[in-house]
Amino acid sequence: MTRSPPPVAKPYTTAAHTNGYEFTQGGGYVLPEYPFVPPPELTHTGPLRRHPVVIVGGGISGLTLACSLARLGLPAVLLDEDNTVGVKGASSRGICYTQKSLEIFHRLGIYERIAAKGVQWSVGRTFAGNDEVVRFDLREQDSFNLSAQPPFINIQQFYIEGFLVERIQTLGHVDLRWNNRLVAFEQTAEGATLTVDTPAGRYQIQADHVVDATGSASPLRKWLAVPFDSQRGDDRWCIADVRFTTHPPVERHTWIEAPFNDNRAVWQHLMADDVWRIDYQMAPDADPAYVSREDVVRERLARQFGPDVGVDIVWVGPYAYRSECVHHMRAGRVYFLGDSAKVVSPFGARGGNTGVSDADNLAWKLATVLRGLAAPALLEAYHAERHSAAVENVRVTGRTARFLRAPEGVERLFRTAAISLARQQPFARALINTGRMAVANPYPHSPVCAKDTGTSVQNVGFQWPDDTTGCLNDLLGWSGIRLLLLVFTPTLSPALCKTLVSLTTLTPVSAVHVLPAATRTAPTPERKTPPPHMAAEHLIDHLGHLRQACGVSEAQGDNHTTPWALVRPDGYLVGRGHGLDGNLVDTIALALAISPLDDPHSTT
Amino acid sequence: MITTLQLTDADGFYERLLDAHAGLDKAQSDLLNARLILILANQVGNAQVLADCIAAARNGVTGH
């Protein structure tokens with residue numbers, strides 16, 4: 001398939017602000033625009049063109065999937081209904097990106113831009129009235145401190161989307177089609193047919209796999225009558241994205257009962273360009289038009305920050321949230337991604353980050369199956385793994401919403417009791433729920449992970465023999481769509497070496513020899529031309545972080561066992577063991593859905 | 001969940017519980033009870049035992 005070079009949009013360095021107040025409208029930022037290029041199908045005659053993967057929707061989830069496929073060299077088409085990132089008229093959406101998302105963006109090659117543009121934070125403080133009742137510093141928590149990426153970076157969502165677009169344009173493989181709106185869809189056993197409207201006319205294409213990344217108002221879900229659960233509350237909020245003449249601390253502040261907001265909740269969070277997100281909980285019967293009126297917003301801000309603080313209003317948006325979750329993340333050839341699959345309240349940054357992980361989970365599965373390295377059953381495991389994550393995120397955010405919108409009566413009574421106790425007894429601070437920050441969801445019941453695995457391995461660092469440093473993502477970048485086998489042993493005997501050569505030749509596995517910290521000699525046998533899927537060099541786990549992140553016990557060093565860990569292209573651990581034996585072979589088959597799915601844990 | 005006697009001074013506890021509410025209005029009394037439930041729950045700690053206790057308490061109110 002030939003394709004003309006991708007159109008290159010003018011990269012933007014920084015978003016310009018309008019100082020004017022935009023009532024529930026965009027315009028606070030100037031978003032990049034991408035040119036419409038008439039697709040070849042518009043003038044093509046003959047049978048419909050068939051694409052292995054068509055992604056519908058160019059938000060953060062769809063673009064992450066597109067960029068992941070591009071990195072893995074898999075061709076795909078992405079349809080987006082407008083010509084920009086962000087939502088026209090609503091430029092401010094997600095702002096808070098987790099370590100796991102940042103690790104994924106690092107693998108995709110846009111992390112440095114995010115880190116340069118965004119703001120790192122790790123301290124969160126929660127107040128009730130004028131008292132601080134809870135304080136945390138994520139850097140002090142073990143679950144965050146092994147990675148090369150920080151616990152969180154805050155940045156406006158459209159920046160990440162713009163970086164992804166430019167990265168995809170550099171990588172190639174994915175055809176980004178702006179101003180291409182999906183208007184009809186049907187699927188049969190033979191394939192899916194998509195009807196697309198463009199400014200230059202209507203066309204049809206066929207696809208083997210279709211990814212619905214159209215978001216919370218998904219047309220595909222309606223057309224396919226996909227069943228879902230839904231819950232809608234009466235909680236109302238109003239966001240004001242502002243710039244100040246003063247600089248609040250680089251911390252996340254939340255008030256459960258803010259004296260300056262009629263004892264309702266307030267969020268104070270930061271992002272790029274010195275813009276602060278101040279999110280006010282409103283009365284349940286509040287009129288959205290009134291609470292987002294400029295004079296009302298300014299009066300509210302003055303009550304919080306004082307009358308003398310100069311405020312530029314970048315963007316204002318009143319909102320109510322609902323929670324929804326589909327029963328199944330796949331309908332025939334269609335996979336639901338991000339907000340198409342589930343929507344949650346914004347507490348804990350569990351919306352966009354979940355979409356990014358959905359994309360990372362699906363990308364390598366599509367690539368591996370389409371390349372014939374894994375069984376098609378692997379695609380069904382997308383549902384098993386990511387639906388459990390969606391359900392968990394709906395549950396966790398629902399608990400936060402219930403705490404924050406505690407109705408008068410017994411729910412308010414227990415919240416008042418918890419707040420009053422939190423001031424006096426440490427245990428009660430655990431009951432204060434202003435959002436449980438998103439994590440890399442584990443997959444304890446995954447049909448394609450061995451027992452006690454299915455956990456995300458942090459992007460830990462190590463040393464190469466020449467003392468330069470590397471990280472897990474370097475290895476994942478090298479192994480691509482193959483599984484990554486880490487062999488923890490001080491000495492790779494000729495027999496072990498022979499086994500690894502066979503294994504990496506016969507199965508889609510790439511192997512790396514990991515030396516424990518103490519060993520500084522070069523024990524890997526010298527080879528003029530190393531086998532293609534064995535790393536030419538060993539690496540040194542100088543701090544033991546790689547072993548720790550994979551949950552491999554420290555009992556390495558004797559030559560009777562050879563501890564190993566098997567990591568998937570999405571950085572999840574699928575198995576570990578103590579010898580290059582049948583268990584390893586079974587685990588490889590399990591991870592690629594080649595073994596029967598009915599009893600996955602029989603391999604241990 | 002334990003249903004046999006654990007209290008070292010049942011009558012004394014009961015009296016102390018009532019006395020703690022002396023002079024409080026309804027709202028204060030409710031708050032005291034809620035605080036007490038949370039404090040006691042933390043003494044118990046175990047999630048399954050607490051779930052059994054909550055179910056047992058509700059059972060006596062609704063009959064199921």
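**Entry 1: the second largest pocket**

I began with the second largest pocket, which has a volume of about 1,700 Å³. I noted at once that the model is predicted. Which residues lie closest to the centre of this pocket? I found Phe414(A), Ile37(B), Leu38(B), Ala41(B) and Ile54(B), out of 37 lining residues.

Next I looked up the elements behind the lining. From chain A, α9 and α10 each supply at least two residues. Which element gives the largest share? I wrote down α2(B), with 10 residues. I then sorted the lining by class and got 26 nonpolar, 3 polar and 8 charged residues.

**Entry 2: α10(A) against α2(B)**

I stayed with two of these helices. In chain A, α10 covers residues 410-422, and in chain B, α2 covers residues 26-44. Their axes come within 9 Å and cross at roughly 65°. I checked the hand of the crossing of α10(A) and α2(B), and it is right-handed.

Then I listed the contact. On the α10(A) side I have Leu413(A), Phe414(A), Thr416(A), Ala417(A), Ala418(A), Ser420(A) and Leu421(A). On the α2(B) side I have Asp30(B), Leu31(B), Ala34(B), Arg35(B), Ile37(B), Leu38(B) and Ile39(B). How many residues of each class make this contact of α10(A) with α2(B)? I recorded 10 nonpolar, 2 polar and 2 charged.

**Entry 3: the largest cavity**

I searched the whole structure for cavities of 30 Å³ or more and found 4. The largest cavity has a volume of about 70 Å³. I counted 13 residues in its lining. Nearest the centre of the largest cavity are Asn353(A), Thr354(A), Ser357(A), Val439(A) and Asn441(A).

Which elements give two or more residues to this lining? I noted α2 (99-108), α8 (352-370) and α9 (377-404), which belong to chain A. The most comes from α8(A), with 3 residues. By class, I put the lining of the largest cavity at 3 nonpolar, 7 polar and 3 charged residues.

**Entry 4: α2(A) against α8(A)**

I turned to the helices named in that lining. α2(A) and α8(A) pack at about 45°, with their axes 9 Å apart. I therefore call α2(A) and α8(A) oblique to each other. Their crossing is left-handed.

From α2(A), I listed Lys100(A), Ser101(A), Ile104(A), Phe105(A) and Arg107(A). They meet Asn353(A), Val356(A), Ser357(A) and Asp360(A) in α8(A). The classes in this contact of α2(A) with α8(A) are 3 nonpolar, 3 polar and 3 charged.

**Entry 5: α8(A) against α9(A)**

Last, I looked at α8(A) with α9(A). Their axes come within 9 Å and cross at roughly 170°. That makes α8(A) roughly antiparallel to α9(A).

Among the contact residues of α8(A), I noted Thr354(A), Ser357(A), Asp358(A), Trp364(A) and Val369(A). Those of α9(A) include Leu378(A), Tyr382(A), Glu385(A), Arg386(A) and Asn393(A). How does the contact of α8(A) with α9(A) divide by class? I have 8 nonpolar, 5 polar and 4 charged residues.

Ser357(A) lies among the residues nearest the centre of the largest cavity, meets α2(A) and takes part in the contact with α9(A).

Notes:
Residues numbered from 1 in each chain as written. Chains lettered and ligands numbered in written order. Predicted model: local features only at pLDDT ≥ 70, side-chain atom pairs only at ≥ 80, totals over all residues. Heavy atoms only, no water. 1 Å grid on protein atoms, 1.4 Å probe; cavity = no way out; pocket = protein on both sides within 12 Å on 5 of 7 lines; lining within 4 Å. Points joined across faces, edges and corners; volume = space filled by probe spheres on them. Helix = DSSP H or I, 4+ residues; strand = E, 2+ residues; numbered from the N terminus. Nonpolar A, V, L, I, M, F, W, Y, C, P; charged D, E, K, R; others polar. Axes fitted to C-alpha atoms, helices over the stretch in contact; angles between N-to-C directions. Parallel < 35°, antiparallel > 145°, perpendicular 65-115°, else oblique. Left-handed = near helix turned anticlockwise from the far one by under 90°. Contact = heavy atoms within 4.5 Å.
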